[in-house]
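Let's take a friendly tour of a protein model, one piece at a time. Have a look at the picture first, then read on.

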Amino acid sequence: MANEYVSAATLKTTLGITVSTYDADITTAVSAASRGIDEATHRRFWADADATKVRHYTPHVRSRVLIIDDLVSLGSLKTDHSGDATFS
């Protein structure tokens with residue numbers, strides 16, 4: 001699986017493991033720990049493949065708070081204060 005938060009090789013080095021006897025178990029543990037972090041935080045910490053895609057968000061009625069996905073970068077922000085679909 002991709003998008004692990006540490007590589008098996010880095011973990012082995014950190015733990016001082018020099019043999020390859022446990023490589024499959026270490027890889028499985030790294031993957032499980034990474035997905036456990038995702039599940040515990042209800043997030044994930046890598047960009048989508050289409051991270052540069054334009055996304056449109058609409059707030060809930062009567063809300064002054066707009067919840068969005070995590071940002072990697074923000075090139076511009078346009079708002080529609082009047083609700084007429086004209087963004088500036």
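## Buried, exposed, or in between

A residue is called buried when its relative accessible area is under 20% and exposed when it is over 50%, with partly exposed covering what lies in between. Keep in mind that this is a predicted model. With those cut-offs, asparagine 3 counts as partly exposed because its relative accessible area is 35%. You'll find asparagine 3 in the segment before helix 1, which runs over residues 8–15.

## Helix 2, end to end

Now for helix 2, which covers residues 23–41. How far apart are its end C-alpha atoms? They are 27 Å apart, and that agrees with the 27 Å that 19 residues should span at 1.5 Å a residue.

Which residues of helix 2 are buried? They are Ile26, Val30, Ser31, Ser34 and Asp38. Looking down the axis of helix 2, you'd see these buried residues fall within an arc of 135 degrees, so they line one face of the helix. Here's a handy bit of background: an α-helix has 3.6 residues a turn, so residues three or four places apart point the same way.

Helix 1 is part of what covers the buried residues of helix 2.

## Zooming in on serine 34

Is serine 34 buried or exposed? Its relative accessibility is 2%, so serine 34 counts as buried. Leaving out residues up to four places away in sequence, serine 34 touches Asn3, Glu4 and Tyr5.

Most residues other than glycine have a negative phi. Asparagine 3 isn't a glycine, yet its phi is positive, at about 70 degrees. That's the asparagine 3 that serine 34 touches.

Histidine 42 isn't a glycine either, and its phi is positive too, at about 55 degrees. Where does histidine 42 sit? It lies in the segment after helix 2. At 73% relative accessibility, histidine 42 counts as exposed, whereas asparagine 3 is partly exposed.

Note on methods. Residues numbered from 1 in each chain as written. Predicted model: local features only at pLDDT ≥ 70, side-chain atom pairs only at ≥ 80, totals over all residues. Heavy atoms only, no water. Helix = DSSP H or I, 4+ residues; strand = E, 2+ residues; numbered from the N terminus. Buried < 20%, exposed > 50% of the residue type's maximum accessible area, 1.4 Å probe, protein only. Contact = heavy atoms within 4.5 Å. Expected span 1.5 Å × (residues − 1). Arc of directions from axis to C-beta.
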